[in-house]
Amino acid sequence: MRRGITATALVAALALAATACGSDSESEGTSKGSGELSGTVTWWDTSTAGSEDKVFKKIAEDFTKQHPKVKVKYVNVPFGDAQNKFKNAAQSGSDAPDVIRSEVAWTPEFADLGYLAPLDGTAALKDSDDFLKQAAASTKYKDKTYAVPQVIDSMGIFYNKKIFKEAGVEVPKTVDELKTVSKKIKDKTGKTGMYLRGDDAYWFLSFLYGEGGDMVDASSKTVTIDNAAGVKAMKVVKDLVDSGAAQTDATDGWENMQASFKDGKVAMMINGPWAVSDTYSGKEFKDKANLGVAPVPAGSAAQGAPQGGHNLAVYAGSKNLDASYAFVEYMTSADTQAKVTKELSLLPTRTSAYAKQDVVDNEIVGFFKPVVETAVERPWIPETGSLFAPLVTEYTKVLTGQAAPDKAVKTTGDSYRKLLKGWK
Amino acid sequence: MTTAPAPATTRKVRLRGERSPLSSAALHLTLIVASVIAVFPVLWVLLTSLKPAAYATTTDFFKETTFENYTNLIQNTKFLTWFGNSLLIAGLTTLLGVIVSASTGYAVSRFRFPGKRGLMWTLLVTQMFPVAVLIVPIYNIMAGMGLLNQPAGLVITYLTISVPFCAWMMKGFFDTIPREIDESGQVDGLTPFGTFWRLILPLAKPGLAVTAFYSFITAWGEVAYASAFMVGEDNLTLAGGLQLFVNQYGAQWGPMTAASVLIAIPAALVFLFAQRHLVTGMSAGAVKG
Amino acid sequence: MAVHTSQSVAKAAGDDVARGRSRGTGNPPPPGRIRRALSTHWYAWAMVAPVVVVIGVIIGYPLVRGIYLSMTDANERNVARSIGVNHLPATYKFVGLDNYTEALTGDQFLGTLGWTLVWTVSCVAITFCLGMALANILNRRIAGRSVYRMALILPWAIPGFVSVFAWRFLYNEKRGLLNEILSGAGIDGIPWLNDPTWAKFSVIAVNVWLGVPFMMVALLGGLQSIPNEHYEAAEMDGATAWQRFRHITLPGLRPVSTTVILLSTIWTFNMFPVIFLLTRGGPGEATQILVTQAYKFSFEISPRDFAQSSTWGVLILVLLLIFAAVYRRVLRTQGDDW
């Protein structure tokens, strides 16, 4: 409230002249070149508010135990807003955080825009050989390292064991099996087989990979979304919805998916480790053993789920670079990662963390580790994050019957070529 | 005045205020249906907020009525901080909005001065340009002035939304106040400011009430700027704070619905205070627009 | 109070017509008289100064810059920015009217414009008719009038994001109350927000719900300013209810109507929150109006396309200006001084 009162006085005094010099004095702390670290490190975390954020806040603030003169300011920014908010703040040069939790696809884009500090040779990157190769890939841009991997993830099929038993079915291994399993579940229990998110193209990727397709092929600089595999994949998802094997929504997909799965109204959903804590809170999963996780079903050509995760990056304009580097190192150390895994079942990015008992004991990690190892990597180019916006529009159009599969992927391909100048 | 046509007239003419029980019933029925449609969505949120969070998405009207969502909201979230921030921002916007719109409206209504037509058009054009496109440039201006994450930044931005309409409306309202009052003020030796302040403003209460209502509602319910400019749990306004409850990864209907109800209360209070003047104020303003 | 004001409304209406005619202030003052102009007008200027400053800085500068950017190929990656030690100069270039040609010849702008017009016209028309009907009913002597009035104005008093959220709750296909009620009546659930056509219907319904109170209140005020004597005279002449409505109420409401229709057209055309919070323009792009699409260009896609967003913004402004000018001219030819 003190902030509020000063601001009132400010407005009253300045009225509309607006010559305020209200820069955030807190973040102007300095750290001496070689001596003890001091000042404030502001960290924008994007973890789920209400469950994950409490754990990360506690761990982040414990940094002060190692560096008593450094104050950590933890700020939780909703994942959906974070990319935009960081862009706003970073380009204006004021009120940006020192450290941001950057989704893997954002990292090359932020780096390309010049918002991130290169970390090679700084305290942030310690034992960089220890990181899983897949996790480290997204942190590199033009031969420099711009971020440190914090968590890694992929997707699997979550299923309700009770409903499966009631219907007498096994986990589907292919999309065809998914359809027959769904039909059986519908016949035996009256429940819908699967929830398919229709408002986020990330949930479409495993079907695209299953048909042997991809959004783009960076090595040959080719747009591949509109090839035959892309068309096939769109037909597959459309067929899942039309045949009643899956239900979908064009809005509120996440919420509807979680609610219908947690209440036992659908038997399956495709999701990642970040959904585990929330899923356990549902009434069907009071007994945690009822939740089963299996690899995503294969398509006609292949099997695969996208690899995702989050990195920690340091803002290039940070006034407190040294403390920020140290903070990033602390947050990504094997000890911290093991602690996070224990509380939240998120997957570590360091090989050595997987040897820790807390990680070894974690069932979810046990399941997702092999999935992550075979997960499909996206090309880590600045445009990777931009590929979803055109795709999701067309994906939703296909699911709601507004566009034919071949036309939809063609439109998507056209916008990709506009975005990626000179690509085939 | 009260000479109603005698029943003897061949053609039956129904007078205003006189109608058959049947048409009375029809009118009441229409009003009741309309009122239910108007009130129901809001009422539904209220009912949902009184259900335990686990049943939030069920369609029973009542289920294990409880206040746990409210206690939860107030104890475990920064709701009160957001509430305070919003109150401060909306309050300042209202205060400044009323002063600025009234003085502008008065100047435009009473004085002939170079730039007046241009100003009137500007006020209209300002409402035409899609502000959504301006978020990034305005963000940079605010950053340049150090007003990001400060209530002042949002207050100034909201003034640009509410003042153009309010000034227009106030101009219409002042047009309805006889100029003789101004003239009598001048005869008494008051300056134009003095006339405005001491004679005209007290007469303009309905207009001011509408302006206040409009400014308050604008600032209280705005989302786009609030979520772009403010960051960090302590600085958020209600609009931004609520986004934390329903973001891409997880919706907490319990606190969300409870918060919605609590947010609606001050707005409803301001409305109650203003509604007496709303009809007269609006019409006078809008008539002359 | 109310009586007093409504009388003054009528009185001032004539007053303004008189002044309206004399509004032409003649030629601008010759250069030598600037000082005198200043001394005559300083108080007027002082009173409007705050508005001019705020609008000039917060809207004017971005507006001018927007017009400039619409003639370049500026996006997030080529505008100037300075981050800590990195200073990146602007590298975008001037492209003339290319963006406008592209927008006006492409499908996207015209397609979106088509739906925006449908959206605006249907919202304004329905809102106006409902507002008119309710205002007329409320203007009668009827038991419980103030209670009804309070209930009907409620949607206006509730912050938009709260009520839009409530509607999303009701519209939910699988768990929403609306479909629950329908299934109770044996009707299949309606995909309110999941089907493109229903989504269009749904967003219009919500906007009408939000907009009726404003219309109703404004028209109610207008009705109250129509002198009772007109009706009494008509009654003496044996006019029917419809004739009274047609010949007294409608002309009497004309000044209010023209203003609220103009304003609500402008507002509806640019109604960002309803569409953004309800459907985000979806499913697909079914409910995307010009302003939400422009927002998407400058904010949601990456790299942010400032040039295209500004182009759409300027086009929106131009369309509304044309509308306002035509509207005004039509009113003038019909003898209204506006």
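In β12(A), which residue is the bridge partner of A:Gly156?

Modeller: The partner of A:Gly156 in β12(A) is A:Asn271. Before going further, please keep in mind that this is a predicted model, in which local features need pLDDT of at least 70 and side-chain atom pairs count only at pLDDT 80 or more, while totals for chains, interfaces and linings use all residues. Residues are numbered from 1 along each chain as its sequence is written, and chains are lettered from A and ligands numbered from 1 in the order in which they are written.

A:Gly156 also stands opposite A:Pro295, this time in β13(A), and the strand to look at here is β7(A), residues 156–160. Helices (H or I, at least four residues) and strands (E, at least two) are DSSP runs, numbered from the N terminus. With β12(A), residues 266–271, strand β7(A) pairs in the antiparallel sense over four bridges, where two strands pair if DSSP finds at least two bridges between them. A further point along this pairing is A:Tyr159, which stands opposite A:Met268 in β12(A). With β13(A), residues 291–295, strand β7(A) is joined by five bridges, and these two strands also run antiparallel. Strands of a sheet pair through backbone hydrogen bonds, either parallel or antiparallel.

Stepping back, β7(A) belongs to an open sheet of five strands in chain A, which follow the order β11-β8-β12-β7-β13 with mixed pairing. At the edges of that sheet stand β11(A), residues 246–247, and β13(A), and because each has a single partner strand, one side of each is left without a neighbour in the sheet. Strand β7(A) is mostly covered, with five of its five residues buried; a residue counts as buried if 20 or more other C-beta atoms, placed from the backbone, lie within 10 Å of its own, as exposed if 12 or fewer do, and as partly exposed in between.

Helices lie across this sheet as well. Helix α11(A) lies across β7, β8 and β12 of chain A and runs at about 140° to β12(A), whereas α8(A), residues 175–189, lies across β8 (192–195) and β12 of chain A, at about 130° to β8(A). For these angles, axes are lines fitted to C-alpha atoms, for helices over the stretch in contact, and the values run from 0 to 180 degrees between N-to-C directions.

Chain C in turn has 13 helices and two strands, and buried residues make up 45% of its 338 residues. UniProt, in an unreviewed entry, places the feature "domain: ABC transmembrane type-1" at residues 113–327 of chain C; its positions are given in the numbering used here, feature names are shortened, and annotations may be inferred rather than shown by experiment. Over that span chain C is 77% helix and 0% strand, with the end C-alpha atoms 19 Å apart.

Chain C is also in contact with chain B, through 89 residues of chain C and 82 residues of chain B. The largest share of the side of chain B that touches chain C comes from α12(B), with 16 residues, and that side divides into 57 nonpolar, 19 polar and six charged residues. Chain B contains twelve helices and two strands, and 56% of its 289 residues are buried.

Finally, a word on confidence: the mean pLDDT of chain A (the predictor's confidence in each residue, from 0 to 100) is 87, and 92% of its residues reach 70 or more. Over residues 1–33 of chain A, however, pLDDT stays under 50. Where pLDDT is low, the predicted coordinates should not be read in detail.

Terms used
Two residues are in contact if their C-beta atoms, placed from the backbone, lie within 7 Å. Ala, Val, Leu, Ile, Met, Phe, Trp, Tyr, Cys and Pro count as nonpolar, Asp, Glu, Lys and Arg as charged, and the others, Gly among them, as polar.
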